[in-house]
Amino acid sequence: MSYVEELFSLGGKTAVVTGAGRGLGRGIAEALSRAGARTLLVGRNAERLQVAREELAALGGEVLARPSDLGERAEVDALIEYIKAEFGQLHILVNNAGVTKPQPLLEYADEAWDETLRVNLDAPFRLARGLAPLMPEGGSIINITSIAAELGAGDNPAYGAAKGGLKQLTKFLAHDLAAHGIRVNAIGPGYFHTDMGALSWNDPERRAQRAASTMLGRWGEPEDLAGVAVLLASDAAGDITGQDFYVDGGWLAKL
Ligand SMILES: NC(=O)c1ccc[n+]([C@@H]2O[C@H](COP(=O)([O-])OP(=O)(O)OC[C@H]3O[C@@H](n4cnc5c(N)ncnc54)[C@H](OP(=O)(O)O)[C@@H]3O)[C@@H](O)[C@H]2O)c1
């Protein structure tokens, strides 16, 4: 193994990625698996998870799949128990699963607020709290936030509150878990070409406007998160914790 391969290798490590059946989670799971981690894919849709599991296994990874609705506390608790039994020790947790429920503020439904907060903020907290005891020194938690953790936008108060909360939860977890040698960081995507971004992608005007808001003039593709996810999961990031990494084509840095 070359020096660089060794630096970023996840061989011998275990990883859990939520929302791993499609989109950004699927891409992150592939990256971690290809870097050598034994990887558990979590999501709601069992069929989608199974397809992803088979695709990653075909690339040579050791991959497991576990359907769980992370909007249900009892299912999050059951997932934690499953991981304890299946893995014993966990090195990498990626809290990626998320929902967005845009609606005008004055009509914003309680159900949309509750689901967004439960999946995007409550579940990452519960998983970090429940799984940190399984993590040895060198463990890494990665929370997928958004540029919406930094900027205001229309018709989506719960999403902004959840992502801003997750950004700040990252720093508080980093503080508490540092004593155990566990690092906690956030990756904040800009606009990415996935099902979640489809509303804007499918509207030519919004698609062009989103691209023009970046410095690089482009949307992100799931594989654009591969490098930063492997870095943060690996021992190469041994002195990096409590940080936000925005993968947004320069959106937040642009005047
Ligand atoms: N795409 C973007 O432009 C963008 C930008 C900034 C941040 N993000 C964030 O990046 C993350 C991934 O987004 P994406 O674009 O890949 O979204 P996506 O294509 O809509 O996929 C969402 C993922 O989350 C899972 N999920 C949703 N609700 C769940 C629940 N109750 N229990 C378990 N899993 C659940 C889905 O599982 P199923 O497939 O089983 O439904 C799916 O795997 C999210 O946190 C999102 O907020 C995305």
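Which residue follows H4, and what value is its phi near?

Modeller: First, two ground rules. This is a predicted model: local features need pLDDT of at least 70, side-chain atom pairs count only at pLDDT 80 or more, and totals for chains, interfaces and linings use all residues. Residues are numbered from 1 along each chain as its sequence is written.

Now your question. Gly88 follows H4, and its phi is positive, near 70 degrees. Helices (H or I, at least four residues) and strands (E, at least two) are DSSP runs, numbered from the N terminus.

H4 itself covers residues 73-87, 15 residues in total. From first C-alpha to last, H4 reaches 21 Å. That is close to the 21 Å expected at 1.5 Å a residue, where the expected span is 1.5 Å times one less than the number of residues.

Next, its sides. Val76, Leu79, Ile80 and Ile83 are the buried residues of H4. They cover an arc of only 100 degrees around the axis, which puts them on the same side of H4. The arc is that of the directions from the helix axis to the C-beta atoms. An α-helix has 3.6 residues a turn, so residues three or four places apart point the same way. On the other side of H4, Ala74, Glu81 and Ala85 are exposed. Buried means 20 or more other C-beta atoms within 10 Å of a residue's own, exposed means 12 or fewer, and partly exposed lies in between, with C-beta atoms placed from the backbone.

What covers the buried residues? The cover includes strand E1 (14-18), strand E2 (38-43), strand E3 (63-67) and helix H5 (110-131). Contact here means that two C-beta atoms, placed from the backbone, lie within 7 Å.

Take E2 from that cover. Six of the six residues of E2 are buried, so E2 is largely enclosed by the rest of the structure. Arg38, Leu40 and Val42 point one way from E2, while Thr39, Leu41 and Gly43 point the other way. E1 and E2 pair in the parallel sense over five bridges; pairing needs at least two DSSP bridges between strands. Thr18 stands opposite Val42 in E2.

Met135 is found in the loop between H5 and strand E5 (140-144). Met135 is buried, with 22 other C-beta atoms within 10 Å. Leaving out residues up to four places away in sequence, Met135 touches Leu90, His91 and Ile182.
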